[in-house]
Amino acid sequence: MRILKNLFEKNRRWADKIKERDPDFFAKLSRQQNPEYLWIGCSDSRVPANEIVDMLPGEIFVHRNIANLVIHTDLNCLSVIQYAVEVLKVKHIIVCGHYGCGGIRAALGNKEHGLIDNWLRNIKDVYRFHQDKFESLQTEQEKINLLCELNVIEQVSNICHTSIVQGAWKAGQELDVHGWIYSIEDGILKDLNVCITNIDEISQPYRLR
Ligand code: CO
């Protein structure tokens with residue numbers, strides 16, 4: 001099937017619905033975008049950024065990859081962060097993980113998956129940093145969910161360790177980095193309360209002066 005007709009039909013209905021409420025919506029948006037938030041989330045189809053926080057086009061800048069990782073050699077993710085912070089001047093960066101993440105599950109296991117093992121390797125590192133926290137846990141599900149949370153917290157740190165975020169702080173730009181987790185079972189977001197707002201809140205050797 002070369003043409004996915006149903007998707008084009010859905011698109012027309014979606015655009016019409018928005019124009020019904022605000023006839024100038026797309027015209028206004030085409031002139032500029034001014035989002036306050038950068039969302040870094042998992043590619044999982046069940047965790048769509050805009051829908052979860054009920055936001056319209058233009059309100060949230062989005063980067064998604066498997067298991068919402070921020071890796072210091074990933075030009076794609078770093079470019080998104082740079083553009084969002086330096087050009088769009090977003091005020092909040094949100095790392096949003098989710099319970100039951102397939103990437104986290106795969107990283108906890110020993111099966112070989114090919115190319116993606118290089119990506120999942122970063123999550124295995126997070127497990128190793130916190131290995132003692134897993135000892136008392138009984139079920140696989142509990143371990144996966146704890147690693148989902150710890151992984152978000154690690155990515156929040158990774159974002160704050162970039163020269164991009166530290167440069168913004170140095171310039172006096174208001175920029176908060178948040179760690180959230182989403183439950184695909186009930187659609188509810190939880191704040192992991194790991195918000196970082198300035199250079200003094202990050203570990204000493206990572207501070208760039
Ligand atoms: Co996931």
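Helix H4 has buried residues whose cover includes strand S1 (37-42), strand S2 (60-65), strand S3 (92-98), helix H7 (140-160) and helix H8 (163-170), where contact means heavy atoms within 4.5 Å. The model is predicted, so local features need pLDDT of at least 70 and side-chain atom pairs count only at pLDDT 80 or more, while totals for chains, interfaces and linings use all residues. Residues are numbered from 1 along each chain as its sequence is written, and side-chain values use heavy atoms, with hydrogens and water left out.

- Cys77, Leu78, Val80, Ile81, Ala84 and Val85 are buried in H4, buried meaning under 20% relative accessible area and exposed over 50% (1.4 Å probe, protein chains only).
- Leu75 and Val87 are exposed, on the face of H4 turned away from its buried side.

**The ends of H4**

- At the N-terminal end, Asp74 caps H4, with a side-chain oxygen 3.1 Å from the backbone nitrogen of Asn76.
- Lys89, which follows H4, has a positive phi, near 55°.

**The cobalt site**

- Cys42 (SG), His98 (NE2) and Cys101 (SG) are the protein donors of the cobalt ion, lying 2.0 to 2.3 Å from it; donors are N, O and S atoms within 2.8 Å of the metal (3.2 Å for Na, K and Ca), and sites may look incomplete because water is not among the atoms.
- The donor residues of the cobalt ion follow the sequence spacing C-x55-H-x2-C.
- His98 is buried, with a relative accessible area of 2%, and Cys101 is buried, with a relative accessible area of 3%.

Definitions and conventions:
Helices (H or I, at least four residues) and strands (E, at least two) are DSSP runs, numbered from the N terminus. A polar contact is a pair of N or O atoms within 3.5 Å; within protein, one must be able to donate a hydrogen and the other to accept it, and residues adjacent in sequence count only if both atoms are side-chain atoms.
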